[in-house]
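Hi,

Here is the structure I promised to pass on.

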Amino acid sequence: MGSHTTTSIGPDAGPEPTLESEGRIARLFEMTSDLLATISLDGHFTLLNPAWEHLLGWTREELQAHPIHEFMHPDDVEPTLALMLAGTHQPAQMENFTTRYRHRDGSWRWLLWSARCDGDTWYAAARDVTDRMWLERQALHDPLTRLPNRLLLMDRARQALMRLNRSNSVVAMLFIDLDRFKAVNDNLGHEVGDQLLIGISDRLAEMMRESDTVARLGGDEFVILASDIENDGEALALAERVVEALEEPFQVGSAEVSMLASVGVSVSHDPEADPEAMLREADVAMYRAKRTGGRGLELFDESLRQEVKEHLKIEGRLRKALPQHELLLAYQPILPLAGGRAVGCEALLRWHPSGIEGADASQLLPSTFLPLAAESDLIVQIGNWVLHSACEQAEKWRRQGISIPISVNISARELTEMDLAERVHEELTYCRLPGRALCLEVSEEAILRDPERAREALADVKRLGVSIALDNVGAGHSSISLPRNLPLDTIKLDRELIQSVDGNKDRRAVFAAAIALAQQAGLTAVAVGIETRRQLALARELDCSVGQGFLLHHPVPADGVRLREVPGAVTSAPWRPLVRLRGSRQH
Ligand code: C2E
Ligand code: MG
């Protein structure tokens, strides 16, 4: 049943009806499109006007032959009958409420009732508000799973928080992200993906209590709002049950899939808490759960609150970094391991925040600040700047007769959320560079965010003559495989690989397999992270002919890079850059 209100009204007064006026009233009763009825206390229609037949498709005789609850939506029966029972004890009250009635064709009509009990009869007028209710429901529900959407979730959360005044319990929000959903969508198709989402929403709804809300925010993100939770521990236990429930296989079509979920939990006992803030906190906790690897639960606690504060501070500073010229590119040559001229040079971002007391040195490295930039549009602005600066540098070197490709790292968002090829084309044209002056480095992780889009974007870029390198190959994997149908030229073996090969048979096998795969596919393999002579020797022993690492050349500002005649790295001592930026660190 929908909303319900009660209005007190005084006893009937008015002129006594005459025969003539009764006739007119009867005609009105017949003609009006509003639904008018009298109902006996045992719940049967005793009088109905013809409008009922038009609206519900039943004859009046049929409607009168059964108790009214047999026409009602099962979910509405109990609350409506309870309301009518209460109304019989307070005859002066007008009850307003909505109830769904079944049409003869099986569909449901929402009726808005105004009814009053007088003696042994209910006098009622009703209106069809199906269209309005449908629109309201549409606005508040996800069309695929029919679960409440974000708007309704926020409303329910507000109400749940307000009720905290009357209890000692807490309200919990569980932000659920499905780690494998994208792969299912990509490999089994969107239809299977949709079926799976419906299966997931049913399973989540089944395991929750009536008073809780399961909502879908879109994509593979679900949120559970649970009230009457005692404490953090109970909220985490619920999250654990959610993860377990999703691990049970789902049957979708002929396939069986189980889901790995990451769940972030936020909890509040403050009736004044902001539901939007709670949702953000649960989201942040979910990200941390995801970062800690695969299946995970995380509670938004004090340490996470501090971390978020710190991140916001850094992000604020980073926003100013571009206009204040605090970003720089360092360049690290990519070299033949037998010695000789560089075959490429990777542009690596550095940040030198000025005027900040005690800035943590690690903030200068991209691994610290780029993930923060990646959470907003900042990464795209920074990416644009990197591409532009790298192209300008390539042009400068070309004028000096050095024509090696400069490699630029591309983030997931740049790869899948903008027209990368157009952007690259613009920059090449502006700097009057041929496509071969540039190489784009993308990681498998970025590709997996949206493989279809990524493939298209890379194919378009490739048509410009730009080469493509797959970055961080072999990172954290126990075996090697390359994403299919990518227009690759180069694979870059993650630095962790060469650094763990020594004495580790498995890693050595992975390294060797990557080289073999590259050779089969006609790709260049680059061993990144060569720091020692031993590692250099191992890379060569494993048939890798190109490398990049501190032993060969550190990343340094452009004017410190030696591209023409890198000393025989194999024989001589590691070369040190001649020019250092004052105050800058080298990595
Ligand atoms: P990456 O693309 O794998 O870059 C290679 C990283 O290995 C660089 O780290 C480089 O400094 C480091 N490296 C090279 N040789 C050695 C070595 O012998 N030993 C050790 N320990 N490290 C070595 P860096 O500059 O800190 O960059 C980290 C990551 O940040 C990069 O990994 C790349 O994914 C990302 N990144 C850097 N610049 C950009 C950028 O302009 N845009 C984007 N989207 N990402 C960038
Ligand atoms: Mg790279």
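A quick word on terms first: helices (H or I, at least four residues) and strands (E, at least two) are DSSP runs, numbered from the N terminus. This is a predicted model, where local features need pLDDT of at least 70 and side-chain atom pairs count only at pLDDT 80 or more, while totals for chains, interfaces and linings use all residues. Residues are numbered from 1 along each chain as its sequence is written, chains are lettered from A and ligands numbered from 1 in the order in which they are written, and side-chain values use heavy atoms, with hydrogens and water left out.

Ligand 1 first. Strand 15 (344–351), helix 12 (366–373), strand 18 (467–473) and helix 18 (495–500) each put at least two residues into its shell, and strand 15 gives the most, with 4 residues. There are 22 residues around ligand 1, and Asn 409, Asp 471, Arg 495, Glu 531 and Phe 550 come nearest (a residue is near if one of its heavy atoms lies within 4 Å). By class, the shell holds 9 nonpolar, 7 polar and 6 charged residues (Ala, Val, Leu, Ile, Met, Phe, Trp, Tyr, Cys and Pro are nonpolar, Asp, Glu, Lys and Arg charged, and the others, Gly among them, polar).

For polar contacts (N or O atom pairs within 3.5 Å), the side chain of Gln 332 has an N or O atom 3.1 Å from a nitrogen atom of ligand 1. A backbone N or O atom of Phe 550 is 2.8 Å from a ligand 1 oxygen atom. On its own, ligand 1 has 790 Å² of accessible area, and the protein covers 86% of that (Shrake-Rupley method, 1.4 Å probe).

Then the magnesium ion (ligand 2). Its protein donors are Glu 346 (OE), Asn 409 (OD1), Glu 441 (OE) and Asp 471 (OD), at 2.0 to 2.2 Å; donors are N, O and S atoms within 2.8 Å of the metal (3.2 Å for Na, K and Ca), and sites may look incomplete because water is not among the atoms. Glu 441 in strand 17 (residues 438–443) and Asp 471 in strand 18 are 30 residues apart, so the pair links distant parts of the chain. Glu 441 counts as buried because its relative accessibility is 1% (buried is under 20%, exposed over 50%, partly exposed in between; 1.4 Å probe, protein chains only). Asp 471 is buried too, at 11%.

Arg 146 is exposed, at 67% relative accessibility.

Cheers

Note on methods: A polar contact is a pair of N or O atoms within 3.5 Å; within protein, one must be able to donate a hydrogen and the other to accept it, and residues adjacent in sequence count only if both atoms are side-chain atoms.
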